[in-house]
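Reader: I am new to reading structures. Could we go through this one in short steps?

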Amino acid sequence: MIQLEGIEKVYRTERIETVALTNINMNVGEGEFISIMGPSGSGKSTLLNVIGLLDVPTGGKVALNSKPVTSYSDRNLARVRNEEIGFVFQTFHLINDLNVVDNVEIPLLYRKGISSGERRKLALRALDRVGLHARVHHFPGQLSGGQQQRVAIARAIVGNPRILLADEPTGNLDSQMGDEIMDVLRGLNENEKTTVVMVTHDPRQAEKTERVVRLFDGRQVS
Amino acid sequence: MTKHLLKLVWNRKRINFLITVEIFFSFIVLFGVVLAAVYYVDNYRQPLGFNYENAWRVAVEMNNRAEGSHSSQSSQTDINAPKEPSEKAEPPSATTFKQLMAAAKEFDEIEGVATCTVTPYGDGTDTSSIGDDSNPIRYGVSMVSDDFPQVLGLTLTRGRWFGKEDDGANYRPVVINERLSRDVFGDADPLGKELRRPDLPPKQEEEKSTPMRVVGVINEFRKDGEYTAPDNFLFRRQLLNNQMSREPNALMLKVRPGTTAEFEEKVIKRFQAIAKDWSFEIEPVTKMRETANTFRLAPLIAGGLVAGFLMLMVAMGLTGVLWQNVTQRTKEIGLRRAKGATARRIHKQILAELIIIATFGLIFGVAAVVQFPLLDVIGDINSRVFSLSIVISLAVIYALTVICGLYPSWMATKVQPAEALHYE
C-alpha cells in the first residue's frame, strides 16, 4: 500500500543543514496498523509528513498503491491527500470558528460532485462512527480533548480514505481518553480495513499496533 | 463552499468588524468624490449651446449715474416684469451703447457685436420663474441684442431669433431653450405661444397687455459652463431705445481667429474715446471659461486627493490586516492543504473571504448612500448619475480589496503544508 524507498530529508538554511531522515525503506501493507516510535527529533513526524505527501523528501521515492507520487503536481498531490489519506494530529487542528459538523465537512469541500446535503449526511455519519453524534452543533472550545480528537478522527475518515495517518493522536490526552482514541483507531482498522500509521511516544499505545517501526536520529533502527 | 465561507466569515465577525468598518467609510468617502466626478462628466458631455472660441466680453461700468440707472449684474429680481412704455427721449446710455457697437463694427478684427445682461462664465445671474410659489418653473434670463446668436454661435432648433420684425409688436419676443419649452409646454410646439404666469398678482397685470411670446427655441444655453447641470434659460430682446428696460452691462465681441491680446487695448482706447466716464474691461471668454472651470473643479480635485490618500491608507491597512490574518491562520491553511486543498484553492478562498467581508461593509455603505437623496443632501442629481456613481464606487472598492488581498493570499500558498501545521 505504502512504499518508501531510500527516503532522505534534509532541512537546509543558509548556515545549517539538518538531516531529518536518512535512507528510510519501508513498506506498509493494506489494512496494516503500524506505529512509528522514537525519541523527540528522531524524524517520526517528518516521516509521517512524507508518507502523507505533506512534505517532499530530499531524496528517495514514495509510492502509494505502487504508483510513484513524488513527482506529482500540487493538484494531484491535493487530490491524493483528499481521497486516499486521512490525517489526525496531536493538537487536533480543529477550526474553532466552525462547529463540529462543519469541521468534519472540510475534506468534502475539496472533493468534486458532492452536494451540501450529501456532505452533511456523510459528516453526521462519520461523527456517529466516532460516537459524537450528540455534539454536532458544539464548537471545539465546548468539547473535551478526547471529544476534539474524535472530531478530528471523524474529519479524517469522512471521505473514506484507505490510509489514516495519526501524528501522536493521544499525545495531548490523559490515558483514559488516549485509550478511547486508540479504540476508535483500532475499530477503523479492524472493521473497515483502514491502513493506519501512527506516530507515538507511548509504548503502551504502540503495543496495541501490529508492528512498530523505530527511528533514531533519522535512521530506521527496527 | 460559498456557504462554508459565509459561515466562517460570519462566525469571525468580531475579527472582521474592523475591516468591514474601514471598507464602509472608504466607500462613503469614495462615493462622494465619484458622485461629483460622474456629475461633472455627465454635465460635460451634454451640449453647451454656445461657442466660446474667439468671443470676448467687454464689461461695461457706467460710472456716471446720470446716464442711466445702472443695475448690478447679480440679481434675483424679476427682469421680465414689463416697464411702462416711455414717452421720454432715448436715454444717453442707449445712445452711447449704439455708438460703442458702431465703433466696434468698424474694426476689421471684429466680426460681430452684441449687448447682454448676463455673460457666459460670468459671475452674474438673473433668474425668474413662471407659475405660483408652490410650484414655480425657474429659469435663467439674459437680455440680449439681436446679434447675440451670431456672436456666440447659438443654434435655433425651432422658430427664429428676435429682430426688427418684432419692432413695435404688442408682445415681448423671447427665445427659450428646449428644456424650458418642455417644462412649460410639454410636447406641444411653443412657437407663437405666450409664456405667461397663470396667477399674476394685480401689480403685474400689465404683463397681460405685453406678454412674452416665444418666437424661437434653442437647444441649450449653459451660461455657467460645461460642468454645471443644464437648466432652463430664456433670452429677452434688449432694445437700445427709450423703452430700454434694463441697460446692458457687457458687450460681446466676436473677433477673427488669431486676434491677439494687443487688440484689446486698441478697442478699449476707442471705447474710452466714446464714453470717457465709463470704464471697460475686456476678457476673452476662453479665459473666463478656464477660470470658471478651475473654480468648479477645485473642490473635486481636493476631494479626489483626499479620497486618493484615504484609499492608499485603506489599501495599506487592508494589506497589513490581511497579512496578519493569513499569518494567524497558517495552521488552518496547513490543515486545509492536508485535507485536499490546492495552493490555488487556498489563494481563491482567502480572496473570496475578503470579498465577502467587503460585501458586508458595502451593503451598509450602499444602504447609507441611498439615504442621501431622501435626506436631500446631494442636491438635484439625477438617478442615472447616482446609480452609476454607486456602481463605480463598488467596483473600485472591490478592485482595491482584491488587489490588497493578492499578496497575502499568495503568501499563504507559499507555505508548505507540513510547515504550516507546525507553525507557531
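Reader: How many residues does the contact take from chain A and from chain B?
Author: This is a predicted model, where local features need pLDDT of at least 70, side-chain atom pairs count only at pLDDT 80 or more, and totals for chains, interfaces and linings use all residues. Residues are numbered from 1 along each chain as its sequence is written, while chains are lettered from A and ligands numbered from 1 in the order in which they are written. Two residues are in contact if their C-beta atoms, placed from the backbone, lie within 7 Å. By that rule the contact takes 22 residues from chain A and 22 residues from chain B.

Reader: Which element gives the most to the side of chain A that touches chain B?
Author: Helices (H or I, at least four residues) and strands (E, at least two) are DSSP runs, numbered from the N terminus. α2 (74-83) and α3 (100-109) of chain A each supply at least two residues of that side. The one that gives the most, with six residues, is α2(A).

Reader: By class, what residues does the side of chain A that touches chain B have?
Author: Ala, Val, Leu, Ile, Met, Phe, Trp, Tyr, Cys and Pro count as nonpolar, Asp, Glu, Lys and Arg as charged, and the others, Gly among them, as polar. Sorted this way, the side of chain A that touches chain B has 10 nonpolar, four polar and eight charged residues.

Reader: What is the order of the open sheet of four strands in chain A?
Author: Two strands pair if DSSP finds at least two bridges between them. β1 (residues 2-12) of chain A is joined to β2(A) by eight bridges, and the two run antiparallel. Five bridges join β1(A) to β4 (residues 59-64) of chain A, also antiparallel. β4(A) pairs with β5(A) over two bridges, and the order is β2-β1-β4-β5.

Reader: Which are the edge strands of that sheet?
Author: Look for strands that pair on one side only. They are β2 (17-28) and β5 (67-68) of chain A.

Reader: Which residue takes a positive phi in the hairpin of β4(A) and β5(A)?
Author: A63(A) has P68(A) in β5(A) as its bridge partner. The hairpin has two residues between the strands. The residue with a positive phi near 55° is N65(A).

Reader: Why is one side of β6 and of β10 in chain A left without a neighbour in the sheet?
Author: The open sheet of six strands has the order β6-β7-β8-β3-β9-β10 (chain A), with mixed pairing. β6 (85-88) and β10 (219-220) of chain A stand at the edges, so one side of each has no neighbour: each has a single partner strand.

Reader: How do β6(A) and β7(A) run, parallel or antiparallel?
Author: Four bridges join β6(A) to β7 (residues 163-167) of chain A. F87(A) has L165(A) in β7(A) as its bridge partner. The two strands run parallel.

Reader: Which residue in the turn between β9(A) and β10(A) has a positive phi?
Author: β9(A) and β10(A) pair in the antiparallel sense over two bridges. L215(A) stands opposite Q220(A) in β10(A). Two residues lie between the strands of this hairpin, and the one with a positive phi of about 50° is D217(A).

Reader: Are α9(B) and α11(B) roughly parallel or roughly antiparallel?
Author: Axes are lines fitted to C-alpha atoms, for helices over the stretch in contact, and angles run from 0 to 180 degrees between N-to-C directions. The axes of α9 (residues 343-369) and α11 (residues 383-414) of chain B come within 8 Å and cross at roughly 150°. Angles under 35 degrees count as roughly parallel, over 145 as roughly antiparallel, 65 to 115 as roughly perpendicular and the rest as oblique. The two helices are therefore roughly antiparallel.

Reader: How many charged residues does the contact of α9(B) with α11(B) have?
Author: Among the contact residues are I346(B) and L354(B) of α9(B), and L394(B) and W410(B) of α11(B). By class, the contact has 18 nonpolar and five polar residues. The number of charged residues is none: no charged residues.

Reader: How many residues of domain 1 of chain B are in contact with domain 2 of chain B?
Author: Domain bounds come from an automatic or database domain assignment. It gives domain 1 (2-45 + 293-421) and domain 2 (64-276) in chain B. Five residues of domain 2 take part, and from domain 1 the number is seven.
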